[in-house]
Amino acid sequence: MTQDHHQRSVTATTGVDALSLDLLAHALSTLTDPHDRKSCRLVSRAFATAESLSRRAARPLTHAALPRVLRLFPSLTSLDLSACAGLDSTSLSLLPSPLRLLRRVSLARASGVGPRGLYALVTACPRLEALDLSHCVAAGDREVAALAGAEGIRDLVLDKCLEVTDVGLAKVAVGCPGLERLSVRWCREISDIGVDLLAKKCRNLRSVDVSYLKVIGYYPPPSLLRITSLSTLEKLEHLAMVSCSFIDDDGLQLLGIGGSSLQSIDVSRCDHVTSQGLASLVVGHNFIQKINAAHSLLEIDTCFLSKLPAIGASCKNLVEIGLSKCNRITDAGIVSLVNHCKCLRTIDITCCHLLTDDALASIAENCRRLECIRLESCLLVSEKGLERIGNLCSHLKEIDLTDCCINDAALQHLSRCSELLTLKLGLCSSISDQGLGYISSTCSKLMELDIYRCSAITDDGLAALAGGCKKMRMLNLRYCDQITDAGLKHLSSLEELTNLEMRCLVRVTGIGIASIATGCPNLRELDLKRCYSVDDASVWAVARYSQNLRQLDISYCQITGLGLCHLLSSLRCLQDLKMVHLSWVSIEGFEMALRAACGRLKKVKMLSGMRSVLSPELLHMLQACGCRVRWIDKPLVYK
């Protein structure tokens, strides 16, 4: 044995490979960046083995990869199949059995899965506890009945399963008595009869969402019947009844008489709910933490204000209140509210047009641990009110100032909030590069910025942003028409950027796009709509470097059929594509490009005129692979 070979052998046995799998798994668990985990797997077989045995969650992008994923990661407890285009019952029927460790499965938007597939899933996963079937619009009673054998299910999401009726809900109620969380938003065929049976059979329910349900009109009033049933649930903590038009103050009063475990209530868009009914519900519920009455309360009236001391005494744990579009609420109402509810951390007063800086001053004085405030379209708010917020609310993490009359001075005040993560400034036309400079100098943790139609922002503002906010992940630059390739060059240093919207940046060319593609490898969503100078050279850079891209809009770009075909054949993770008015692409170019991506795409947006010229075979193949095509009729207009 040579000396070099002996040295390599010693290194192999005394290095990473000599450590236990438990220790390596613990080391991997400390890595939050998936690229770091991948690097470890590639450089060490021991790390790869530890990852295989310890990984708990997976999200395959194609159903063909499902058997391999289950074979490589035998310890999975959570499996997300929502991204698998073309997933059907056959795919689920091939699952190895039993998968004893699997607890959570997401089949959101998996419209191709029927009763046979769901029965196979339930059979293969004897310890299944959570299942998400949201937006499976074709799912009905037969599909839901297949879940009745999963007695261990605790969490079930059926949002927008449009064919589910009271019969299907009854099957769930009887077969899954241990259910703790159920969401049936937009299941319009479910009535009070189904909700009543659910409440009688599933006594452990802690969270119920019956938003947008259609009710039937018989006596007693439907709202009272439903509320009476739900009020008997002694463990109920979270209740959402968004846009339930028959819910009124009498119903809320009945709910208030029920169990006292309620922690959050959402009655937004309930037209017949007033502040008096809300007060009757809240008083006496000592554990209430969240209230959402958006689009409901026209005003905080004298009855509600008179009960604020009692509410403040009862709701010492109230941390979130939503009053969006309750547009008759005044400063006096907000002042009284925050004087009694000083623990509020999230306040949504979007489109409350009567509120002024006095309301902000009172919020800042009383709610020192405020983390989120939404002020969109509060036109009477100025830099004076935001100065108090900046001085007193040092824990602020999110603020929405969309369509507010603020300037750079306001951003200078907000720059004192060094914990800021999300800042929305869309339509604030008085914001300039100087304001972005203030934010960038102190808010280094900023992850999301929206400067939609802030037309005074230039490349200098982006330079300051890229220099100070290295953790930026989501950036909206739509219609900031002063930005050029130089600005995108600055942004290319943001390695953590995942979402970038550049709609109608008419001065941007392929050079700037190439800078973004090479410098931001983690991009998931990219909007290039109406970037008229984007051509094949631009998309070649995207195809080469943006391999993680999931959603792309290239409408109105100057891309040819060759560029489109190369783009779609290269982006293996792409699932959502918008390509309207690609005037330089021929019918043959569309055909070739769509065939190259068939099996991966889940959503495509095209002109309705294309429907009659694309081959029926291609359209059938897209449908069979689970791709939903949205046809639109829009004239060619250049802005």
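View 1. The UniProt record, an unreviewed entry, places the feature "domain: F-box/LRR-repeat protein 15-like leucin rich repeat" at residues 122–216 and 324–593; UniProt positions follow the numbering used here, feature names are shortened, and annotations may be inferred rather than shown by experiment. Helices (H or I, at least four residues) and strands (E, at least two) are DSSP runs, numbered from the N terminus.

A word on the model before we zoom in. This is a predicted model, in which local features need pLDDT of at least 70 and side-chain atom pairs count only at pLDDT 80 or more, while totals for chains, interfaces and linings use all residues. Residues are numbered from 1 along each chain as its sequence is written, and side-chain values use heavy atoms, with hydrogens and water left out.

**View 2. Inside the nonpolar cores.** The largest nonpolar core has 183 residues, and Leu-107 and Ile-554 touch the most other members. Such a core is a set of buried Ala, Val, Leu, Ile, Met, Phe, Trp, Tyr and Cys residues joined through side-chain atoms within 4.5 Å. A separate, second core of six residues has Cys-40, Ala-46, Phe-47 and Ala-50 among its members. Buried means under 20% relative accessible area, exposed over 50%, and partly exposed in between (1.4 Å probe, protein chains only).

**View 3. The neighbours of Ile-554.** Leaving aside residues up to four places away in sequence, Ile-554 touches Leu-528, Ile-559, Leu-564, Leu-567, Leu-577, Lys-578, Met-579 and Leu-582. Contact here means heavy atoms within 4.5 Å.

**View 4. A cis peptide bond at Pro-98.** Look for the bond from Ser-97 to Pro-98, which is cis, with omega near 0°. Pro-98 sits in the loop between α6 (89–93) and β3 (104–106).

**View 5. Lys-325, a non-glycine with positive phi.** Lys-325 is not a glycine, yet its phi is positive, at about 60°. The loop between β11 (320–322) and α16 (331–340) holds Lys-325. With a relative accessible area of 40%, Lys-325 is partly exposed.

**View 6. Arg-530, a buried loop residue.** Arg-530 also is not a glycine and has a positive phi, about 65°. You will find Arg-530 in the loop between β19 (525–527) and α24 (536–545). Arg-530 counts as buried because its relative accessibility is 4%.
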